[in-house]
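This report looks at a predicted model, taking its sheets and the contact between its chains in turn.

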Amino acid sequence: MEKYRTSVMLCGGTGCIAGGSLKVKNALIDELRNRGLENEINVVVTGCNGFCAQGPVMTVYPEDIFYEKVTVSDVPVIIEEHFIKGRPVERLLYKEPVKKQTIPLMRDIPFFNLQVLRALRNKGLIDAEKIDEYIARDGYQAAAKALTEMTPEQVIDELKRSGLRGRGGAGFPTGMKWELCSRVKGDRKYILCNGDEGDPGAFMDRSIMEADPHVVLEGMIIGAKAIGADKGYIYVRAEYPLAVHRLQLAINQAKEYGLLGENILGTGFNLDIEIYLGAGAFVCGEETALMRSIEGKRGMPRPRPPFPAQKGLWDKPSVLNNVETYANIPQIILNGADWYRSLGTEKSTGTKVFALTGAINNVGLIEVPMGIPLRKIIYDIGGGISKNRKFKAVQLGGPSGGCIPEYLLDTPVTYEDIVQTGAIVGSGGMVVMNDLNCMVSVAKFFLEFTTDESCGKCPPCRIGTTVMLDILTNITEGRGKEEYIELLQDISQDIIATSLCGLGQTAPNPVLTTIKYFRDEYESHINEKWCKTGVCKELCTFYVDEEKCKACGACKRVCPQNAVSGEKKVPHRIDQSKCIQCRSCYEACKFDSIKIGPRSLRERLMETTDQEALKEIYTAAIAAKEE
Amino acid sequence: MARLTVDDLKKIKEEYKSTLTLREGGSRAKITVHMGTCGIAAGARKVMEAVLDEINKNNVKDVIVTNSGCAGLCSKEPMATVEIINEAPVKYVQLNEEKIRKIFKEHVMEGNAVQDYALVVGSETAY
């Protein structure tokens, strides 16, 4: 980090940007450079100051001077008088006394101030059903620029230099994809959009399509120009009715305005876009399966090569990009590759949208610069783990991804670093898990999903995932054998090596990462028949630590089986013959006095009727647990 | 609607900027109800209906009511953003009919933000 003598914090909130703060920023940077001050004075764009009425506003540190209503023509004066001569410009100083604001400012709340909105820049700001509001936020300016001022090569070059990688999950460089297709000769080419978002817990693309459908169309127009396509399809699952509705309205409006159809903006360029509804098969997010589905056939992948860039939809050269990828493109064309690269890391540039869900306080949709550590996302933006529980793992990349444990939470979110953990960045689903989650069950959940969604075309995926699911089911139901862990790893390697498409090639990841980081849980399931989180019903016994029990009755009230006995001031006890292992008492207890023991404990407790003997078993179980 | 040229795009941009920023338009305030799938599922339609009802009942003509997509905090939906001219927008969370009516009366009509329901004031950095 360089040392600057002065920092200028210029507000980049929507209000100030509308008032021209970005023009002021450019003027500041130019003028500072002209005077050779660029290494002394730093210009930073910040979140909203809350003084939108006086915008554009800026604060100069270390003096803490607050200027309001700054225009481009004020810039030379500020630099000359304040930065060089050290005399703050009176005329621009904030005048009124600051009104006491008790509602917190966005820039003071990590949920907002750690985010940078690019793909989501219109989030919650415009009416998605009004094209004019999109245009008011620079909409279709990038398409106009690409169509009137740029050659396809220039568009591709800008994208290549931006470093943008496919946001659907694989992270293939978008510019390179476009270049490959642009070089193929063909009378007809297709530009396609993948809105078949299917990872459990992921809703990034849906939100973009609902909140800002025109940005997807604009990205596709730019892509069509780059590769020379005149026909496009947006593949959206039918379970996204609002997204479909708003996209269709957007297409209709764009056609009326001549932004789609023939002779777009009078430039002679043609592009027609249609929506194709998917029936919700997960495999149709795979590019060749998606194309087959649009062709009206059963959605199944085919071997590559030939790659879609050569032979795609109806065997014509095609490019398929994800919704979020398209949402980034207009801004790259307008602001340039260098602007895009200014955030993120060398190989993972720009920002990424994540759907943050699970055991976390702020469930929502966020956009952060690439390279931010997972810990910051979970604890600062996400507000930490809900209900004061303990963090256990974060699942990235859905059924193709993996679970990352606590000690790797400082991993920066980039394509390269996340892959090192065994997970993938994926399309952006981020599911946070707490100490109530059993990691074997989590792996089983994802395997159930992939087994269901496997299209069945290739045996490694079809049979392999089924066999793995059987093994996991055996483990969680108490039939686990010692050799199962190695067996799971072996089968995983075979499925990864021999599956036809990404679905099979990545399906074992949730199993592999949970074995890697939570092997002890597999071992206790198999060897001790003990699920320590109490999720696997056949592998646990709930009992009361009578020393700790305050006899408050909380567990008694929530038990659906009336299995808890004990009066006020008498330690409670669980009747094992009635208990159905629902875990309600465990979650209700505030004194940590409900314990989860191995299955064998339950049998011993049920065999014993003698009070003294029972007490001994409890004491021994608690002692064993505390070791 | 006529087919646009590149110049028309710029005209529309200037014309509609005012409805987005309240700077140059004739309106005094703007209420945005966030209506993505998450908002609607949590009850945003009822919130919207209540706003429209208040507008009609009070015969208010200088307030823009509009909807928009997900504001990003799905667990705190329904959400609405209220912006009074020359003031920073205020985001309200976990709304219902009663709350939005109170906000309408106290914030939109009387100019005092309802602190109990407000999450944050300001707009996000978008660049």
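In chain B, five strands make up an open sheet whose order is 2-1-3-4-5, with mixed pairing. Strand 2 (63–68) and strand 5 (118–121) of chain B lie at the edges and have a single partner strand each, so that one side of each is left without a neighbour in the sheet. From one strand to the next, the twist averages 20°.

Five strands of chain A form an open sheet in the order 7-8-6-5-9, and the pairing is mixed. At the edges are strand 7 (261–264) and strand 9 (318–322) of chain A, each of which pairs on one side only, while the twist averages 25° from one strand to the next. Strand 5 (residues 190–195) and strand 6 (residues 231–237) of chain A run parallel and are joined by six bridges, with Ile234(A) in strand 6 of chain A as the bridge partner of Cys193(A).

| Strand pair | Sense | Bridges |
|---|---|---|
| Strand 5 (residues 190–195) and strand 6 (residues 231–237) of chain A | parallel | six bridges |

Where the chains meet, 53 residues of chain B are in contact with 67 residues of chain A, and about 5,100 Å² is buried between the two chains, 58% of it on carbon and sulfur atoms. One salt bridge is found across this interface: Lys13(B) forms a salt bridge with Asp138(A), and their closest N and O atoms are 2.5 Å apart. There are also 14 residue pairs in polar contact across the interface of chain B and chain A, both residues being at pLDDT 80 or more. On the side of chain B that touches chain A, at least two residues each come from helix 1 (6–21), strand 1, helix 2 (37–42), strand 2, strand 4 (90–92) and strand 5 of chain B. Helix 1 of chain B gives the most to that side, with ten residues. By kind, the residues of the side of chain B that touches chain A comprise 25 nonpolar, 18 polar and ten charged.

How values were computed
Residues numbered from 1 in each chain as written. Chains lettered and ligands numbered in written order. Predicted model: local features only at pLDDT ≥ 70, side-chain atom pairs only at ≥ 80, totals over all residues. Heavy atoms only, no water. Pairing = 2+ DSSP bridges. Helix = DSSP H or I, 4+ residues; strand = E, 2+ residues; numbered from the N terminus. Axes fitted to C-alpha atoms, helices over the stretch in contact; angles between N-to-C directions. Contact = heavy atoms within 4.5 Å. Buried area = accessible area lost by both parts, 1.4 Å probe. Salt bridge = Lys/Arg side-chain N within 4 Å of Asp/Glu carboxyl O. Polar contact = N/O pair within 3.5 Å; in protein donor to acceptor, adjacent residues only side chain to side chain. Nonpolar A, V, L, I, M, F, W, Y, C, P; charged D, E, K, R; others polar.
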